[in-house]
Amino acid sequence: MALKAVHVSDVPNLDQVPENASLSLYSTRFNSKGLELSRTTSFRIPKFLVIGHRGHGMNILQSSDSRMKAIKENSILSFNSAAKFPIDFIEFDVQVTKDDCPVIFHDDVILSEENGTIFEKRVTELCLAEFLCYGPQKETGKEGKFLWRKTKDGKIVKWNVEIDAPLCTLEEAFQKVEPSLGFNIELKFDDHIVYQQEHLIHVLQAILQVVFEFAKDRPIIFSSFHPDAAHLVRKLQNNYPVFFLTNGGTEIYYDVRRNSLEEALKVCLEGGLQGIVSEVKGVFRNPAAVPKIKESKLSLLTYGKLNNVPEAVYMQHLMGIEGVIVDLVQEITKGVGDMIKPAIANPIVAEEGLSDQVNGESNEANSKLQFSQQELSFLLKLIPELIQH
């Protein structure tokens, strides 16, 4: 498939997106009609979603768990490997090269070794051809530059995984990934850079150009940690929901809008966004925020290591959270099927935004875990104390 740079001039400015830019959001993986978004902020998720983090799961190279180093993250191989399991979406990170091509890569910089020295280059300062020179190459006999990675504690390690795969573009993902699988597209920006609005619009237009051309029937959710980018992509199009990503107060940033679920709620309401994606610890530390979010007609998804624990996922389902981003796709999809699948078709949710109980004989027979309202209330009081430590 020929790759091309995107011409952002073809994408209109704010609130001038062509009416035929997207088609139905129906997905065969949903029990009903998939995600539904009107031209206002009205939006609903018809079932509990399981979303594959960077595809089949993120790479943690220093982990002793071989599952975290099985398949190269954010690759076509990883995406299609995740599609073999009953997930609804995959989540991945999109940045735009200096020649305006949206590519899929998480880190702000690429590290590679040249003549015994590790060099660091910013993804957005590379052209597409340079970006694709890193890692395994598609052409037989061609060798790419070996990738290294900086861990959170500052160590630089070789990016060794059990099954490696080439880097890819957003266009390739639309063309080569199982078409019924939804895309949660994270709009990736560097936390340490102050971006001008003109630059943000330029980058978002490049991404939207590819989405409008290749999405077809595929369900799409946009998300971003950058509040202004989230607001802008909402203004630039009305076809796909936009969620604000937040650490939920588990980390503190200079931009106060990023420092709590309450601030995230304000960002969504001010920008007409459709939902929040929070670090799961932020939700467990502050469960009282969940009913406030639900009362505001916003959806709530979570990400984080605790989402690789089936019981933690089930607890979120009871709390009224609508989906989880996970690394252990096989294990969590099985856990969801075993524990909460019977409750998906007809969940009973109290006005407070929490499940009152799981009723019905079939539900009791098929769900492994059951809580009364009193037990659930106790757990919601206990969990924040446990998470603090």
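Which residues in helix 4 meet which residues in helix 5? Before I answer, a word on the basis of this talk. This is a predicted model, in which local features need pLDDT of at least 70, side-chain atom pairs count only at pLDDT 80 or more, and totals for chains, interfaces and linings use all residues. Residues are numbered from 1 along each chain as its sequence is written, and side-chain values use heavy atoms, with hydrogens and water left out.

Now to the helix pair. From helix 4, Gln 197, Leu 200, Ile 201, Leu 204 and Leu 208 meet Asp 228, Ala 229, Leu 232, Val 233 and Leu 236 of helix 5. Contact here means heavy atoms within 4.5 Å. Helices (H or I, at least four residues) and strands (E, at least two) are DSSP runs, numbered from the N terminus. Two packed helices are described by the angle between their axes and the distance between the axes.

I turn next to charged pairs. Side chains of opposite charge can pair when their charged atoms come close. The whole structure holds 19 salt bridges, each defined as a side-chain nitrogen of Lys or Arg within 4 Å of a carboxyl oxygen of Asp or Glu. In one of them, Arg 54 pairs with Glu 73, with 3.0 Å between the closest N and O atoms. This pair links distant parts of the chain, 19 residues apart, and both residues lie in the loop between strand 3 (49-53) and helix 1 (76-82). Arg 54 is buried at 5% relative accessible area, and Glu 73 is buried, also with a value of 5%. The cut-offs are under 20% for buried and over 50% for exposed, with partly exposed in between (1.4 Å probe, protein chains only). A network of salt bridges links Arg 54, Glu 73, Asp 93, Asp 107 and Arg 149.

Two further bridges lie within helices. Lys 266 and Glu 263 meet at 3.5 Å, N to O; they are 3 residues apart in helix 6 (residues 261-271), and so separated by about one helical turn. Asp 338 and Lys 334 meet at 2.8 Å, N to O, and are 4 residues apart in helix 10 (residues 329-339). Asp 338 is partly exposed at 25%, whereas Lys 334 is exposed at 53%.

Finally, is Asn 74 buried or exposed? Asn 74 is buried, with a relative accessible area of 3%. The residues that Asn 74 touches include Arg 54, Phe 79 and Cys 168. Its side chain makes a polar contact of 3.2 Å with that of Asp 93. A polar contact is a pair of N or O atoms within 3.5 Å; within protein, one must be able to donate a hydrogen and the other to accept it, and residues adjacent in sequence count only if both atoms are side-chain atoms. Phi of Asn 74 is near 55 degrees, a positive value in a residue other than glycine.

Definitions and conventions
Lists of a residue's contacts leave out its neighbours within four places in sequence.
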